[in-house]
Each structure stands twice: as C-alpha cells, then as structure tokens.
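Subject: Handing over the two-chain model

Hello,

Please find the structure below, followed by my notes on what was found in it.

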Protein chains: 2
Amino acid sequence: MSRHNEKTLEDVLAILQRHKKPVSAYDVLDEMSVAKKRTLSPPTVYRALAALKDRGQVHRVESLNAYVACRHGRHEQPCIMSICEDCGSVEECIAPDVLRDLASIAAQSGFTPVRHMIEIHGVCASCREGSMAG
Amino acid sequence: MSRHNEKTLEDVLAILQRHKKPVSAYDVLDEMSVAKKRTLSPPTVYRALAALKDRGQVHRVESLNAYVACRHGRHEQPCIMSICEDCGSVEECIAPDVLRDLASIAAQSGFTPVRHMIEIHGVCASCREGSMAG
DNA sequence: TGATTTGCGTAATGCTATAACACATCTCCA
DNA sequence: TGGAGATGTGTTATAGCATTACGCAAATCA
C-alpha cells in the first residue's frame with residue numbers, strides 16, 4: 001500500500017489549485033523552489049502527481065504534457081477537457097452518454113476500454129467574445 | 001506555401017507504414033540511420049511528421065508521444081484511436097455521431113472546438129482472446 | 001545578375017520523464 | 001531491545017521527446 005508523504009502531496013496540489021491553466025511538472029518544481037518551502041527533485045514531483053492522479057484529485061492533460069487540479073471533486077468518471085488555445089484555461093465536464101457511446105464503438109471491434117482521453121482544443125467563451133469585440 | 005522535400009516525406013511515411021504500432025520521432029530517426037538512406041536530424045523528422053500530419057497521412061498519438069500512419073486514407077474527420085496496452089497496436093475509427101455530441105457538449109459552455117483528441121487505452125480483441133485462452 | 005524569399009540541414013539546447021540506488025522508516029518476530 | 005526484511009523517499013544521473021537559432025541552398029522576381 002502507498003504511504004506517501006502527505007505534506008508533499010498537499011503542497012503540489014495547492015500549487016495546481018492556484019492555477020487555472022495546466023501546469024507542467026517542472027513548473028511545480030520551480031514554484032516549490034521559489035516558495036523555498038522545500039527543494040524537490042523531479043521524481044518526487046512526478047510521484048506526487050501520480051499519487052494525486054490515482055486519487056482523482058489531479059488530471060493529466062496529455063496533449064500539453066501538463067497537469068490540472070480536478071474541479072469536480074473526486075469523480076471516477078473520466079472527464080472531457082476543453083482547452084482554450086488562446087488563454088490556456090481548461091474546462092472539465094463529465095458526459096456519461098459520450099463515454100458510453102465511445103465504449104460501444106470500441107466494443108464493435110472487440111476492444112475492451114480501460115481508460116479514456118478526450119481533449120478538445122478550441123476557443124473558450126470569454127476569449128471568443130473578446131476577439132469578436134476587439 | 002509549403003514546398004517540402006518529398007523524398008524525406010516518403011521515407012518517413014514508409015517507415016510509419018511498416019509498423020503497426022505507434023513510432024516515436026527518434027525511432028524514425030534511428031531507422032533512417034540504420035537503413036543508411038540518409039542521416040536525418042530531429043528537426044528534419046519533426047518537420048516531415050508535421051507536414052504529413054497536415055496532409056492527414058499521419059496521426060500523432062498524444063498519450064504516447066508517438067506517430068502512426070493513417071489507415072483510412074486521407075480523411076478530414078478527426079478519428080478515435082483505440083490503443084492496446086498489451087500489444088501496442090492502434091485501431092482508428094471515425095464516429096461522426098460522437099464528434100457531433102462532443103461539439104454540442106462543448107458548445108453548452110460557449111466553447112468553440114477546433115480540434116479533437118480521443119484516445120482509448122484498453123485491450124484489443126486478439127490480446128483479450130490470448131489472455132483468456134492462456 | 002543581384003536582391004529577396006522560402007525552406008532545408010545542422011548544432012545546440014530545452015523540456016519532460018524515468019532508472020537506479022542509498023537511506024530512512026515501519027513491521028514483524030524472537 | 002534489536003535485527004531482518006519490506007516498503008517508500010530523496011537524490012543523482014540519464015533517457016526520451018521536441019524546438020530554437022542560424023547558415024546554406026534553391027527558387028523567384030526585378
């Protein structure tokens with residue numbers, strides 16, 4: 001069983017929660033150093049991120065190699081992430097119907113899904129408004 | 001307008017087509033060197049991959065940082081990739097319904113999608129059979 | 001022919017992630 | 001109490017993925 005350093009996990013999660021945008025592992029590392037709380041090394045950060053991910057408190061954004069704190073509280077459902085290419089913000093939403101459809105499509109060829117990744121790049125509402133106004 | 005070295009593009013595409021599994025940019029590089037066709041450098045390979053991607057002949061698998069040749073002929077629709085975690089093979093399929101649903105979900109919060117990424121990790125039919133038999 | 005544009009090839013570097021190992025802590029048992 | 005074994009942490013080093021910067025060559029145009 002995992003018996004992680006809770007302090008590290010809390011610190012890493014706090015950093016992710018302070019950002020709206022996805023944050024890279026090395027950004028976390030840098031913020032830790034600047035805050036002088038502690039100097040961590042990459043494996044420490046990656047282990048913390050992995051533990052937080054296992055608990056459902058953090059999601060990895062595959063298309064950005066970066067991480068975001070979960071905004072939905074803990075959920076077992078995989079989520080759909082909408083990533084704004086303008087401001088970098090990420091919206092999470094859960095759509096059981098889509099996931100069910102995906103699973104059935106995969107199943108048509110005998111494929112058994114284990115984990116899904118759905119990421120949509122585009123422009124968020126406020127950036128769109130901004131560009132239309134300006 | 002892009003006026004790429006077609007020879008390079010063909011060579012890179014040929015390597016991707018020889019593999020069922022996703023191939024990293026550096027794998028391509030290594031195969032080129034071994035075949036002694038030419039010694040390429042990373043930017044050359046990345047540029048070729050980008051050009052092939054623009055043409056719809058290659059897909060990037062975000063969750064693996066790797067690339068596969070498109071099996072569907074050129075298509076404008078984004079595709080759903082089912083990745084077997086056992087044998088590493090990738091199946092592509094196109095599901096307009098799912099994409100439409102995704103777009104409408106995103107639109108509910110005013111988000112305008114530009115590009116989708118749907119990757120499903122799991123176990124393919126033949127690996128599943130194998131594991132059930134053995 | 002010379003000026004300009006465009007893309008290629010190379011060297012160098014940066015970013016992302018993990019392997020390997022030494023050390024600390026906990027557990028179990030005598 | 002203390003020694004053996006298991007488990008996890010922190011650190012060093014390195015592996016793997018990707019891009020920047022820049023000089024050169026080919027095409028385009030005056």
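A residue is called buried if 20 or more other C-beta atoms lie within 10 Å of its own, exposed if 12 or fewer do, and partly exposed in between, with the C-beta atoms placed from the backbone. By that rule, buried residues make up 28% of the 134 residues in chain A.

Before going further, please keep in mind that this is a predicted model, in which local features need pLDDT of at least 70 and side-chain atom pairs count only at pLDDT 80 or more, while totals for chains, interfaces and linings use all residues. Residues are numbered from 1 along each chain as its sequence is written, and chains are lettered from A and ligands numbered from 1 in the order in which they are written.

The overall layout

Chain A contains five helices and five strands, where helices (H or I, at least four residues) and strands (E, at least two) are DSSP runs numbered from the N terminus. Along the sequence of chain A, these elements follow the pattern α-α-α-β-β-β-β-α-β-α, and the C-alpha trace of the chain spans about 50 × 50 × 20 Å along its principal axes. Two residues are said to be in contact if their C-beta atoms, placed from the backbone, lie within 7 Å; of the contacts in chain A with a separation of 6 or more, 50% join residues 24 or more positions apart.

How the two chains are related

When the copies are superposed by least squares on the C-alpha atoms of residues with pLDDT of at least 70 in both, chain A can be laid on chain B with an RMSD of 0.0 Å by a turn of 180 degrees and a shift of 0.0 Å along the axis. That is the relation of a two-fold axis, and in chain A the C-alpha nearest to this axis belongs to A:Ile118, at 2.3 Å. The same surface serves both copies, with 100% of the contact residues of chain A recurring in chain B.

The contact takes 32 residues from chain A and 32 residues from chain B. On the side of chain A that touches chain B, at least two residues each come from β3 (80-84), β4 (90-93), α4 (96-108), β5 (112-123) and α5 (125-133), and the largest share, 12 residues, comes from β5(A). The residues on this side divide into 16 nonpolar, eight polar and eight charged, counting Ala, Val, Leu, Ile, Met, Phe, Trp, Tyr, Cys and Pro as nonpolar, Asp, Glu, Lys and Arg as charged, and the others, Gly among them, as polar.

Two helices of chain B

Helix α1 of chain B (residues 6-18) has 13 residues and reaches 18 Å from its first C-alpha to its last, close to the 18 Å expected at 1.5 Å a residue, the expected span being 1.5 Å times one less than the number of residues. Which residues of α1(B) are buried? They are B:Val12, B:Leu13, B:Ile15 and B:Leu16. They lie on the same side of α1(B) because they cover an arc of only 155 degrees around the axis, the arc being that of the directions from the helix axis to the C-beta atoms. The face turned away from the buried side of α1(B) carries the exposed residues B:Glu6, B:Lys7, B:Glu10 and B:Arg18.

In helix α4 of chain B, the buried residues are B:Val98, B:Leu102, B:Ile105 and B:Ala106. They too are placed on the same side of their helix, because they cover an arc of only 95 degrees around the axis of α4(B). What covers these buried residues includes β3, β4, α4 and β5 of chain A, together with β3 (80-84) and β5 (112-123) of chain B. Just after α4(B), B:Gly110 takes a positive phi of about 85 degrees.

A detail in a loop

A:Asn65, found in the loop between β1 (58-61) and β2 (66-69) of chain A, has a phi near 50 degrees, a positive value in a residue other than glycine. A:Asn65 counts as partly exposed because 13 other C-beta atoms lie within 10 Å.

Best wishes
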